[in-house]
Amino acid sequence: MDVPADEPTAPTGADPVPLTEPADGVPPVVADPTALRRAATALAGAKGPVAVDTERASGYRYSQRAYLVQLRRDGAGTVLVDPIALGGRLDPLVEALDGTEWVLHAASQDLPCLAELGLRPSALFDTELAGRLAGFERVALGTLVERLLGYRLEKGHGAADWSRRPLPADWLNYAALDVELLVDLRDVLEQELERQGKLAWALEEFEAVRLAPLPRPRTDPWRRTSGIHRVRNPRQLAMVRALWETRDSVARERDIAPGRVLPDSALMEAAARNPADEAELLALPVFRGRAQRRMVGTWMGALRRAGALPKDQLPEPAPQHDGPPPPNRWGDKDPDAAARLAAARTALNAIAEANTLPVENLLLPDLVRRTCWQPPEDISTEGITATLREGGARSWQIELTADALAKALTATAAA
């Protein structure tokens, strides 16, 4: 996607300035109630928006809890809070941040673990989402900071095991830098959105993110096992399911990422080989390790339970959908629906391009598919407006798309 030629960038010809440490240094980690109260008092007495970020231990832990919370506000500086040392009790911080605007990058990733700590924003500015709406193709924090502010952030520890204690000094330096320029970035993006006439759109989007409910649990999450698309035998699928559910239970109990308990490849191989006994299971490559030898009875028990299931309790080869089928099958199942979807995509792509927006931010693809697969009885602009509103579309999205979508829904397949 092309962005406006006059969009803000760092001074022409200037190399980005490496930002290897915070201007005020890395503060000590807040890890006791007294330090927390002092930090909360400083934040409450400061002014302006509050930059907020978290560090989790995805890939290492089962939970998605925050293992570090970073905050920065003009007049208070940067605060690094260890919620684990504080037992998750951050009441002084909750009170100090009440009524403030939070600035986060990719807020939907951080808000759930912050909510677990009782931290919920009264207002929100999401710099990643702002970048998308402003038409930037690359919206990673480091990329936007470099392009718009002229600094290159020190990176390298985002995928680290943040449950480790004590946290290394270079990790804390990295964490502090993530909020060092976040409010500055917010201000530049706000100006750019205002210049493009999109600030009102962005504010609607930020509010939708702020108020979004937690995602619903996936149906049959075991079907996301890597490589499962190659399995069509119901008995083997039952074995994958049994192993996945057993692994998930072990991972949850130990708070270990499931893939560290047993990799997906091991689940798939065990289901494919269907070993007759523990000795055959231990002969498979991944199961030869010491940890798997200790748990061989657990894994073999899962396989035997799946092997003993009656046929009417075996999973279907294909998952059940609560919505339309994959679009690549529409041509055979419902040619008119395929024509409606093609017309809608063409119209929406044109609107997105005209407004320098990613089409997926213009209107949720799932909402478009559902509407095209089973249109409402009233396909006038007014009827589509009601359908889109019911589907969660924001006012600005409806204003841009309802008329075009109504016209697209009149499309039919060529004779």
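## The nonpolar cores

Let's start inside the protein. The largest nonpolar core has 50 residues, and among its members Leu193, Leu363 and Leu388 touch the most others. Keep in mind that this is a predicted model.

Beyond its neighbours within four places in sequence, Leu388 is in contact with Leu363, Leu367, Ala393, Ile398, Thr401, Ala402 and Leu405. There is also a second, separate core of 31 residues, including Leu281, Leu284, Met295 and Trp299.

Now for the charged side chains. Side chains of opposite charge can pair when their charged atoms come close. Across the whole structure, a search finds 19 salt bridges.

One of them joins the side chains of Arg56 and Asp110, at 3.0 Å from N to O. These partners sit 54 residues apart: Arg56 is in the loop between strand E3 (47–55) and strand E4 (68–74), while Asp110 belongs to helix H3 (residues 107–116). Are they buried or exposed? Arg56 counts as buried because its relative accessibility is 17%, under the 20% cut-off. Asp110, at 4%, is buried too.

## Other pairs and a network

Helix H4 (residues 127–133) holds both Glu128 and Arg132, which are 4 residues apart, about one turn of the helix. Their side chains meet in a salt bridge of 3.6 Å, N to O. Arg132 is partly exposed, with 27% relative accessible area.

Asp220 and Arg223 form another salt bridge, at 3.3 Å from N to O. Here Asp220 is partly exposed at 32%, whereas Arg223 is buried at 17%.

Finally, a network of salt bridges links Glu101, Arg186, Asp187 and Glu190.

Terms used. Residues numbered from 1 in each chain as written. Predicted model: local features only at pLDDT ≥ 70, side-chain atom pairs only at ≥ 80, totals over all residues. Heavy atoms only, no water. Core = buried A, V, L, I, M, F, W, Y, C linked by side-chain atoms within 4.5 Å. Buried < 20%, exposed > 50% of the residue type's maximum accessible area, 1.4 Å probe, protein only. Contact = heavy atoms within 4.5 Å. Salt bridge = Lys/Arg side-chain N within 4 Å of Asp/Glu carboxyl O. Helix = DSSP H or I, 4+ residues; strand = E, 2+ residues; numbered from the N terminus.
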